[in-house]
2 protein chains.
Amino acid sequence: MAGKKAFDADVAVEAAMLVFWERGYADSSIDVLGAAMGLGRSSFYNAFGDKATLFQRCLARYGSRYGERYEQALGSQTADVRAALTSFFDVTLERIADPDVPRGCLVAQSVIASPTLPASAAAQADALLGSQRKRITTALLGAGVAASTADDVALQLAAANQSLAVLSRTSLSTEGLEAVARAAVSAAMTELRSRRLNP
Amino acid sequence: MAGKKAFDADVAVEAAMLVFWERGYADSSIDVLGAAMGLGRSSFYNAFGDKATLFQRCLARYGSRYGERYEQALGSQTADVRAALTSFFDVTLERIADPDVPRGCLVAQSVIASPTLPASAAAQADALLGSQRKRITTALLGAGVAASTADDVALQLAAANQSLAVLSRTSLSTEGLEAVARAAVSAAMTELRSRRLNP
DNA sequence: CCTATCTTGGATCGATCAGTACAAGATGGC
DNA sequence: GCCATCTTGTACTGATCGATCCAAGATAGG
């Protein structure tokens, strides 16, 4: 026992995030979460309130962690749209290939489970998907793409990115996932080119 | 009480399918399933064995029900690939718009939940996604598309279709969903055209 | 050193989980 | 009409769920 916290809240939330990501909200019990976080029940509830609250913290962590990476990928090559979009999908592909982290996507998983999620968590997941779309739109606008075109193309790209969340939990090979990403970039480039010629 | 079954197994499985589809495997308790199916616990276990077995029957039902519709959509206009692919996505869009049925897709949802699903159910969901891809490939081959092109394009289309499963549980509008489908068809047509010119 | 405050382990709560036991009752073959 | 067989309602099992309680013990301020 103790009088000073015997754990790092950041490390604990990270561990919980991985559990939710792997198993989903419903299948992540307090016991499993606590074990992964290295916490007893008292410490768990004392520090994080309840399961739903912790889940939302994990969602936020996931959103800002990967949101930053996506943002950086899109922003690093403003002159070359194709390269920027390729980098964008590389964030997803590298996350899927990372053995230290589950496959799939916590946001996509949460959106799909939203009918049985606490309402505020479902709303948060929905908002995170919206942010993702907006990130792409902003990047396209920054590259001089017309607003309506940027909106449409960003939606396609966000959709393709979500499809990877599903496909990464199937028996589809890594090459298959890469092919889906590559084709999405190519389709976006074709669309951008076509709309510039026929606005 | 009775000596003859007081329910129609087909109707009961249909009701269970809708519950699993809406709530996912983990969040569908025997109580909720039984209530939807109009069954007491005894009848439930007597007729369907256990939850996992029933779930696999529901997966199979879902797969054959919509599999047939996709097959029909793809096969109805063999002369016009664009029309066939548009019909294909219409099956999904109409399902999403159908108020009698949940949004999302039982297969996509199950694939995402596969780490915590009974292994055989996870394998079944994976196989159903494979069948879906194969259906599209076959249709493209029937339209004279080269084998490797058909494989690649079918994967893109299956991926886009899965993205709709995620997006249909977000706040994205119906028009947004339709736009995703339309763009996927256009991208596929562009790819087919490009590969015919540069095989 | 003393005490107010905080953290922790462990017991415990009522609810719900999947699944079983069993007796009551209805049916069909004879 | 009789009896073996099947179905059903209800009660129940042990396990697990999320969450709370409380006492033990550690810390920090004075």
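A crossing of two helices is called left-handed if the near helix is turned anticlockwise from the far one by less than a right angle, and right-handed if clockwise. In that sense, helix 1 of chain A passes helix 2 of chain A in a right-handed crossing. The model is a predicted one, in which local features need pLDDT of at least 70 and side-chain atom pairs count only at pLDDT 80 or more, while totals for chains, interfaces and linings use all residues. Residues are numbered from 1 along each chain as its sequence is written, with chains lettered from A and ligands numbered from 1 in the order in which they are written.

Chain A is built from nine helices and zero strands, counting as helices the DSSP runs of H or I with at least four residues and as strands the E runs of at least two, each numbered from the N terminus. Its pattern along the sequence reads α-α-α-α-α-α-α-α-α. The C-alpha trace of chain A spans about 70 × 35 × 30 Å along its principal axes. Of its 199 residues, 44% are buried (20 or more other C-beta atoms within 10 Å of the residue's own; exposed means 12 or fewer, partly exposed lies in between, and C-beta atoms are placed from the backbone). Contacts here are pairs of residues whose C-beta atoms, placed from the backbone, lie within 7 Å. Of the contacts in chain A with a separation of 6 or more, 60% come from residues 24 or more positions apart.

Back to the pair that opened this passage. Helix 1 of chain A and helix 2 of chain A, the latter covering residues 30–37, pack at about 135 degrees with their axes 8 Å apart; axes are lines fitted to C-alpha atoms, for helices over the stretch in contact, and angles run from 0 to 180 degrees between N-to-C directions. The two helices are therefore oblique to each other (under 35 degrees counts as roughly parallel, over 145 as roughly antiparallel, 65 to 115 as roughly perpendicular and the rest as oblique). On the helix 1 side sit A:A12, A:A15, A:A16 and A:V19, which meet A:V32, A:L33, A:A36 and A:M37 of helix 2. This contact has eight nonpolar, no polar and no charged residues, with Ala, Val, Leu, Ile, Met, Phe, Trp, Tyr, Cys and Pro taken as nonpolar, Asp, Glu, Lys and Arg as charged, and the others, Gly among them, as polar.

A:F44 is buried, with 21 other C-beta atoms within 10 Å. Apart from neighbours within four places in sequence, A:F44 is in contact with A:I30, A:G34 and A:L39. A:F44 and A:F7, 37 residues apart in sequence, are 11 Å apart in space, C-alpha to C-alpha.

Helix 4 (residues 51–75) and helix 7 of chain A have axes that come within 10 Å and cross at roughly 5 degrees. That makes helix 4 of chain A roughly parallel to helix 7 of chain A. Helix 4 contributes A:A52, A:F55 and A:L59, among others, while the helix 7 side includes A:A121, A:L128 and A:I136. By class, the contact has ten nonpolar, eight polar and two charged residues.

In chain B, B:A121 belongs to helix 7 (residues 119–142). B:A121 is partly exposed, with 19 other C-beta atoms within 10 Å. Leaving out neighbours within four places in sequence, its contacts are B:A52, B:F55, B:Q56, B:L59 and B:S110. Helix 1 (residues 9–23) and helix 4 (residues 51–75) of chain B have axes that come within 9 Å and cross at roughly 90 degrees, which makes the two helices roughly perpendicular. Here eight nonpolar, no polar and two charged residues make the contact.

As for the dimer interface, 35 residues of chain A are in contact with 35 residues of chain B. On the chain A side, helix 8 gives the most, with ten residues. That side divides into 17 nonpolar, twelve polar and six charged residues.

Terms used
Contact = placed C-beta atoms within 7 Å.
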